[in-house]
Amino acid sequence: MTVEKQIMDKLEKLNHKMKRQLARSFQKGFPLSSVQGVSLHFIMTETAKRDVFTKDLEQFLDIKSSSATSLVNYLEKLGYIRREPVEEDGRYRRLVLTEKAQEIWPELDQIIEGYIAGKFVGFTDEELATLDRLIGKMLANT
């Protein structure tokens, strides 16, 4: 088995374990699934900087347009977001958080940030920079 194959096997295993662990983080009485929670967290953190649209969520999650639209429709149905027209161009609808989303923000942020922090326990700043650089190279090859 080549070194590349061993690395790919480890990456697949890591990806699978991380998805399962993240999903378990959201099962403890939280009203959203892991994908819904990660999506809402993305919308929350990004709207502090700029307008966020369904297309942004599509790119962030690397999913099809139809899947992103379904996800946004569901979050809207649950009452966590609403779509508002952009003044400059009414064809565009920005995603806006509701009061219901603001109410769960502290717990949602704690779940996501705690999960992320747990993945990098024991890493030095240099190791994090190296990992970031190497993953960036792999992403450039895909």
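Which helix gives the largest share of the nonpolar patch? Helix 6 (residues 125-140) does, with four residues. The legends below take the overall fold before the patches and close-ups.

**Figure 1. Overview of the predicted model.** The model is predicted: local features need pLDDT of at least 70, side-chain atom pairs count only at pLDDT 80 or more, and totals for chains, interfaces and linings use all residues. Residues are numbered from 1 along each chain as its sequence is written, and side-chain values use heavy atoms, with hydrogens and water left out. The protein has six helices and two strands, where helices (H or I, at least four residues) and strands (E, at least two) are DSSP runs numbered from the N terminus. From the N terminus on, the order of elements is α-α-α-α-β-β-α-α. The C-alpha trace spans about 55 × 35 × 30 Å along its principal axes. Of the 142 residues, 27% are buried; buried means under 20% relative accessible area, exposed over 50%, and partly exposed in between (1.4 Å probe, protein chains only). Among contacts (heavy atoms within 4.5 Å) with a separation of 6 or more, 47% join residues 24 or more positions apart.

**Figure 2. The nonpolar surface patch.** Ile-116, Phe-120, Phe-123, Leu-128, Leu-131, Ile-135 and Leu-139 make a nonpolar surface patch of about 570 Å². Patches are made of residues with over 30% relative accessible area and no salt bridge; like charges are joined within 9 Å, and nonpolar side chains (Val, Leu, Ile, Met, Phe, Trp, Tyr) within 5 Å. Ile-116 is found in helix 5 and counts as partly exposed because its relative accessibility is 39%. The accessible surface of the protein comes to about 10000 Å², of which 54% belongs to carbon and sulfur atoms. Accessible areas come from the Shrake-Rupley method with a 1.4 Å probe, and for residues only the protein chains shown count as cover.

**Figure 3. The positive surface patch.** Lys-13, Lys-17, Arg-20, Arg-24 and Lys-28 form a positive surface patch. Lys-17 is found in helix 1 (residues 3-27). Lys-17 counts as partly exposed because its relative accessibility is 46%. The protein has 22 positive and 22 negative side chains, with the centres of the two sets 8 Å apart. Lys and Arg count as positive and Asp and Glu as negative, while His and the chain ends are not counted. The place of a charge is taken as NZ of Lys, CZ of Arg, CG of Asp or CD of Glu.

Figure 4. The structure holds 10 salt bridges, a salt bridge being a side-chain nitrogen of Lys or Arg within 4 Å of a carboxyl oxygen of Asp or Glu. One of them joins the side chains of Lys-5 and Asp-9 (2.7 Å, N to O). Lys-5 and Asp-9 both lie in helix 1, four residues apart, about one turn of the helix. An α-helix has 3.6 residues a turn, so residues three or four places apart point the same way. Lys-5 is partly exposed at 41% relative accessibility, as is Asp-9 at 33%.

**Figure 5. The salt-bridge network around Arg-50.** Glu-46, Lys-49, Arg-50 and Asp-56 are linked in a network of salt bridges. The side chain of Arg-50 meets that of Glu-46 (3.1 Å, N to O) and that of Asp-56 (3.1 Å, N to O). Arg-50 counts as partly exposed, at 34% relative accessibility. Glu-46 is buried, with a relative accessible area of 14%, and Asp-56 is buried, at 15%.

**Figure 6. Helix 3 and its cover.** The buried residues of helix 3 (residues 54-61) are Thr-54, Asp-56, Leu-57 and Glu-58. Their cover includes helix 2 (34-47), helix 4 (65-77) and strand 2 (89-97). Ser-39 lies in helix 2 and is buried, with a relative accessible area of 0%. Leaving aside neighbours within four places in sequence, Ser-39 is in contact with Leu-57, Leu-61, Leu-71 and Leu-75. Helix 3 is followed by Asp-62, which has a positive phi, near 55°.

**Figure 7. Glu-99 and Gly-79.** Glu-99 is placed in helix 5 (residues 99-119). Glu-99 is exposed, with a relative accessible area of 62%. Glu-99 and Gly-79 are 20 residues apart in sequence and 8.7 Å apart in space, C-alpha to C-alpha.
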